[in-house]
Amino acid sequence: MRRRTSAALAATLLATGLSPLVLTAPASAAVAKHYDDFNGDGYRDVAYAHAYSGISGADGWNGGAVLVTYGGAHGLDTSHTQVIHQDSPGVPGSGEEDDMFGASLASADLNKDGYADLVVGNPMEKVGSYEYRGTVTVVWGSRSGLSGGTNVTPKSGAGDHFGSDLATGDFNGDGSPDLAVIGGEEAWLYRGSFTKSGATGTVSKIDKADAGWYSYGLAAGKVNGDGKSDLVVLGTQFSGSSVYSRVWFLKGASGGLTSGASKTLDSDATTAAIGDFDKDGYGDIALGLPDRSTGKGAVTVWRGTASGPSGSTTFTQATSGVSGTPEAYDNFGHAVSAADANGDGYADLAVGVPFEDVNGVEDEGGVHLFRGGSGGLSGARSSWIPQTVTGAAPSDTSFGYALRLRDLTADGKADLAIGSENDALILPGTSTVPTGSGAVTLPDFGGTFLD
């Protein structure tokens with residue numbers, strides 16, 4: 001999901017290009033096994049963005065791009081990295097300096113052909129004479145990788161900055177992935193399935209009617225154990241002269257989504273991830289609160305139950321067992337991602353603290369990995385992952401600015417992707433914590449990862 005940052009980073013763009021893809025395995029006719037397997041070979045792929053306004057590339061593109069590194073039996077192959085932008089063949093629109101193509105990313109097999117499709121938000125796109133109208137583009141998966149695209153039509157009333165955040169999931173349990181989109185501080189649900197001609201199922205607004213609710217962030221996952229995807233909406237709510245930071249849970253249902261519990265927070269949640277940290281069959285919602293306490297930051301875990309989320313626990317760098325000391329503007333919780341990193345059946349949580357000063361180096365950053373277990377997450381089961389994890393001296397700042405935990409090698413252990421100001425590393429999962437041994441550097445990182 002998109003991250004609302006409390007500090008601006010300037011991305012340095014390296015030369016990019018389009019490498020030929022050597023992809024041989026066919027996809028099945030069924031829905032893709034992995035929502036991020038774009039070529040149907042059974043292995044997850046990694047998509048990440050250069051999405052800052054004004055970014056351009058060596059091959060002439062403007063206004064942001066998405067890079068896709070394809071996976072395989074031996075992990076990622078960085079020599080097979082595809083660059084997708086609005087001047088790519090078959091992708092609608094044209095790249096412009098003020099665009100932010102890739103500011104938000106999601107994926108799913110939207111047309112159910114066995115290949116995952118990439119959904120790209122460009123909330124700064126000018127459409128006709130409409131400044132900052134925003135677009136959402138589905139780039140279609142195929143045996144040879146991603147190719148061509150179709151824009152999602154904004155619903156009347158969706159407002160500007162359409163595509164500022166995205167999430168996918170089968171919210172009604174019919175076997176067709178659905179898409180949630182933020183536009184104009186409102187959320188919209190597009191029911192599947194989708195076609196390359198632009199057809200979708202029913203479109204409906206997700207809103208707390210007449211309640212002063214404004215949405216800015218989304219996360220999807222399975223919380224209440226009924227098999228359907230659920231949706232978490234991050235937002236603000238106005239009541240008289242008061243403004244509240246809130247999070248809203250919507251339960252997946254046969255009709256789409258059903259409104260559930262809301263929770264008031266003491267700071268804006270800028271990112272969220274869902275994982276079953278105590279292995280009780282219910283997904284827990286981890287909420288990153290990086291601006292809390294003058295930017296010291298925090299993560300609140302809203303625990304899942306059969307009736308939805310209830311009860312919470314908050315972690316900071318002052319929590320017993322957690323390395324480091326909370327300091328103003330560290331931004332603990334700027335990024336969060338959940339998956340089972342050590343193969344023990346419990347989801348783990350990676351937490352970025354990108355502006356942490358380390359050994360006198362300002363804003364070097366790092367990552368805390370909280371391992372799941374009986375009773376859920378615990379500071380006593382947390383580990384610090386510094387930028388020097390590979391043995392190399394620090395070379396970039398803001399390590400932990402973006403995170404993604406996913407199993408890329410099908411060994412049952414999620415690998416940890418960590419983004420910094422200028423590049424990113426992928427650390428292989430192990431039976432303890434992800435390791436710097438065998439780490440892969442992703443080329444030309446600058447923005448965010450696909451969730």
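Which ring has K279 lying over its face, and at what distance from the ring centre? In this predicted model, K279 lies over the face of Y346, at 4.5 Å from the ring centre. A charge also meets a ring at F162, where the charged end of R133 sits over the ring, 6.0 Å from its centre.

A pair of aromatic rings is described by the distance of the centres and the angle of the planes. For F332 and F370 the centres are 6.5 Å apart and the planes stand at 80 degrees, and because planes over 60 degrees apart count as edge-to-face, this pair is edge-to-face. F332 and F370 are both buried. Elsewhere, ring pairs join Y48, F445 and F449 into a cluster.

The strand that carries F370 leads on to a sheet. Strands of a sheet pair through backbone hydrogen bonds, either parallel or antiparallel. Here β22 is part of an open sheet of four strands, with the order β20-β21-β22-β23 and antiparallel pairing. At its edges are β20 and β23 (382-386), each of which pairs on one side only, and neighbouring strands of this sheet are turned by 20 degrees against each other on average, direction ignored. Between β22 and β23, which run antiparallel, there are five bridges, and the bridge partner of F370 in β23 is S382. F370 therefore takes part both in the edge-to-face ring pair with F332 and in a bridge to β23.

A further antiparallel pairing involves strand β8 (residues 165-169) and strand β9 (residues 178-183), which are joined over five bridges; D165, for instance, has I182 as its bridge partner in β9. How many of the five residues of β8 are buried? Five of the five are, so that the strand is mostly covered. In a regular strand the side chains alternate between the two faces of the sheet. In β8 both faces are covered, with D165, A167 and G169 buried on one side and L166 and T168 buried on the other.

Note on methods:
Residues are numbered from 1 along each chain as its sequence is written. This is a predicted model: local features need pLDDT of at least 70, side-chain atom pairs count only at pLDDT 80 or more; totals for chains, interfaces and linings use all residues. Side-chain values use heavy atoms; hydrogens and water are left out. Rings of Phe, Tyr and Trp (its six-membered ring) pair if their centres lie within 6.5 Å; planes under 30 degrees apart count as stacked, over 60 as edge-to-face and the rest as tilted. Buried means under 20% relative accessible area, exposed over 50%, partly exposed in between (1.4 Å probe, protein chains only). A charge sits over a ring if NZ of Lys or CZ of Arg is within 6 Å of the ring centre and within 35 degrees of the ring normal. Helices (H or I, at least four residues) and strands (E, at least two) are DSSP runs, numbered from the N terminus. Two strands pair if DSSP finds at least two bridges between them. Axes are lines fitted to C-alpha atoms, for helices over the stretch in contact, and angles run from 0 to 180 degrees between N-to-C directions.
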